[in-house]
Amino acid sequence: MKGVSSTPGDYVYFKSQVPLHKIPIGTKQWRYYDFGPKTVPPLICIPGIAGTADVYYKQIMALSMKGYRVISVDIPRVWNYHEWIQAFEKFLDTIDVHHVHLYGTSLGGFLAQLFAHHRPRRVKSLVLSNTYLDTRTFATAMPWAPFVSWTPSFLLKRYVLTGIRDGPHEPFIADSVDFAVSQVETLSKDDLASRLTLTVDAASVGSLLLSDSSVTIMDTNDYCAIPQHLKDDLTERYPEARRAYLKSGGDFPFLSRPDEVNLHLQLHLRRVGVEPRPEVVKSIPKGGADGTDGSSQSKKKSDEEKDDRNNNMPQDSGSSSSDQSPTFPESSGSSNDPPLPTDTIQLLSSSLNNLILVQLAGEVYQSCVVFTLCYCTLVLVHGGGFISRQLV
């Protein structure tokens, strides 16, 4: 595994456009992204052990622009599955979401199935990727599980990262691994310990009331950390589920094969009756996510920009050398941005003219002051010499 690379440019743009929410619910701290029209039933993404809410940023950006609402969550610090079910239900109640479509990978897929089993009326469909049905295999492979809460953080991170295949990767898979590693580095010791505890906690998925037609299984055919026999057991459990196999993608296909994953997610959502609202997205100002009418927001934004420019207009200028020229917001280069209103352009032109006049007046005033000082100095010098000669 190579070292962590620089932050991807599209991730930097994502962070600048999509706000990260952090809310305490009871004793749990929830960290999540929520983007897209609020009138559309959400797709909630649940990561695995080595993931955070950020690993689904490619799905959030692509699907929300097509009119879907996407919520990506961090797994909170829970230590057993009953605690997870209660915490997740309280989270949904807090954000006022009653029916959900769940997309889970690895541990996240297992948690999604458990929630669908215990709260069947709230889950309308499942997308399961590289996941499993029970934890016995992982409990056997981790005999030191009772001591995980006392294990140092660097050992927990090393254990998690050893589950990711090392060796030469295709470039897009190597980039996905690097990004996942960078997210693991952000997790605290307690976060890692709780996730590993969930992995070995004795639990299995019972029968679901959800029809197999509402389940999509999306697996990679190259390799992943989940043993193949566990993936086969999952396929046998849902014989009528839709299959979506990716030729390659590794452990993180949502990062390495985002176009294919996004396409399968769209097909799944349409298959279960989720209708996107692209017409709402087109009216949302850049960076908006509330799915409300954008015309009034654009007008309000223009008015606010005019007020800000009026408030920030320089009132006085004493020296041209110390004045700074006014700065204007840079264009994002997007053809979808609303044009600058005519009255705003006139305001800027008038303001610039006023600023130039003030600067010229300041320069003239400065020149007059300098001339006066020089003249007074000469008078004093010559006058002082004349007086001294008269005294002598």
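**Close-ups of a predicted model**

The chain has 14 helices and eight strands (DSSP runs, H or I of at least four residues for helices and E of at least two for strands, numbered from the N terminus). This is a predicted model, with local features needing pLDDT of at least 70 and side-chain atom pairs counting only at pLDDT 80 or more, while totals for chains, interfaces and linings use all residues. Residues are numbered from 1 along each chain, and side-chain values use heavy atoms, leaving out hydrogens and water.

**View 1. Where H3 meets H4.** Helix H3 (residues 81–94) and helix H4 (residues 107–118) have axes that come within 10 Å and cross at roughly 80° (lines fitted to C-alpha atoms over the stretch in contact, angles from 0 to 180 degrees between N-to-C directions). That makes H3 roughly perpendicular to H4 (65 to 115 degrees). On the H3 side, look for Tyr 81, Trp 84, Ile 85, Phe 88, Glu 89 and Leu 92; H4 brings Leu 107, Phe 110, Leu 111, Leu 114, Phe 115 and His 118. Contact here means heavy atoms within 4.5 Å.

**View 2. Inside the second largest pocket.** This one has a volume of about 600 Å³, the space filled by probe spheres set on grid points joined across faces, edges and corners. A pocket is an open set of points on a 1 Å grid over the protein atoms alone, where a 1.4 Å probe fits, with protein on both sides within 12 Å along at least five of seven lines. Its lining counts 29 residues (an atom within 4 Å of a point), with Ile 49, Ser 106, Gly 163, Ala 225 and Ile 226 nearest the centre. Helix H5 (136–141), helix H6 (153–162) and helix H8 (189–200) each give two or more residues to that lining.

Methods. Parallel < 35°, antiparallel > 145°, perpendicular 65-115°, else oblique.
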